[in-house]
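Hello,

Here is the structure you are taking over. My notes on it follow below.

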Amino acid sequence: MPLRLKTLVLVGLCLSLMACGFHLRGQGPASQLNFKTIQVSGGGSAAQELRKAIIVQDNVKLVTSDAQVAVNIINESSDKQILSVNSKGQVVQYRVYYRVRFTATLDKQPLIEDGSISLSRTLQWDEDNILANESEEGKLITEMQRDSSQQIIRRINAAAKGVNKAAAVSAASATTSAASAIAPTQP
């Protein structure tokens with residue numbers, strides 16, 4: 001296939017993806033966050049990764065106090081369990097688990113009171129390559145920490161959207177009932 005034809009086909013595919021409304025997760029108009037400032041408290045790698053994920057957001061500012069949304073990382077843990085063994089009784093696969101518990105408030109009101117995220121990945125284990133196995137395990141845990149930070153942001157955003165919609169509905173109904181109470185009744 002000539003180079004021009006390949007390029008033309010590739011451009012056509014890209015344009016068709018854009019035309020259908022396809023967006024990567026975390027991008028596009030629906031992913032805009034419903035708050036302007038956020039504070040992250042708590043130690044550990046989960047809080048660090050969450051701070052990094054917030055810094056790259058365009059419309060949200062990471063602050064140390066008086067934030068619209070406050071996230072507290074309560075704890076995080078990782079563990080691994082044997083998934084399978086070979087005929088010699090040696091471990092061939094582990095299941096690596098990562099868990100994070102957090103709370104979130106919106107304007108000092110509880111938004112997510114006891115949020116938890118549990119992730120797991122499969123780790124192939126080679127008894128002849130211990131250092132490479134440990135390095136791979138560390139990479140998996142780091143990947144799960146990044147994934148959990150993105151999930152925390154999405155959960156907080158979804159909960160904030162729900163609170164904002166509920167507030168808008170109650171404000172609209174209060175305005176409607178106040179307007180009907182003021183309007184004179186016809187005899």
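Where does Ser120 lie? Ser120 is in strand β5; strands (E, at least two residues) and helices (H or I, at least four) are DSSP runs, numbered from the N terminus. The model is predicted, with local features needing pLDDT of at least 70 and side-chain atom pairs counting only at pLDDT 80 or more, while totals for chains, interfaces and linings use all residues. Residues are numbered from 1 along each chain as its sequence is written, and side-chain values use heavy atoms, with hydrogens and water left out.

More on Ser120. Its relative accessible area is 30%, so Ser120 counts as partly exposed (buried is under 20%, exposed over 50%, partly exposed in between, with a 1.4 Å probe and protein chains only). Not counting residues up to four places away in sequence, Ser120 touches Arg95, Val96, Tyr97 and Met144, where contact means heavy atoms within 4.5 Å. Tyr98 is 22 residues from Ser120 along the chain, and their C-alpha atoms are separated by 6.2 Å.

The whole chain has three helices and five strands, in the pattern α-β-α-β-β-β-β-α along the sequence. Buried residues make up 25% of its 187 residues.

The sheet is open and has five strands in the order β2-β1-β3-β4-β5, with mixed pairing; two strands pair if DSSP finds at least two bridges between them. β2 (61-62) and β5 (109-124) are at the edges with a single partner strand each, so one side of each has no neighbour in the sheet. Strands β3 (residues 69-85) and β4 (residues 91-106) run antiparallel and are joined by 15 bridges. Gln81 stands opposite Arg95 in β4. Helix α2 (residues 44-55) packs on the sheet and touches β1 (37-41), β2, β3 and β4; its direction makes about 120° with that of β3 (axes are lines fitted to C-alpha atoms, for helices over the stretch in contact, and angles run from 0 to 180 degrees between N-to-C directions).

Last, the core. A nonpolar core is a set of buried Ala, Val, Leu, Ile, Met, Phe, Trp, Tyr and Cys residues joined through side-chain atoms within 4.5 Å. The largest one has 34 residues, of which Phe35, Leu50, Val71, Ile73, Ile152 and Ile156 touch the most other members. β1, α2, β3, β4, β5 and α3 (130-182) each give two or more residues to this core, and β4 gives the most, with eight. Leaving aside neighbours within four places in sequence, Ile152 is in contact with Leu50, Val71, Ile73, Val100, Phe102 and Ile117.

Regards
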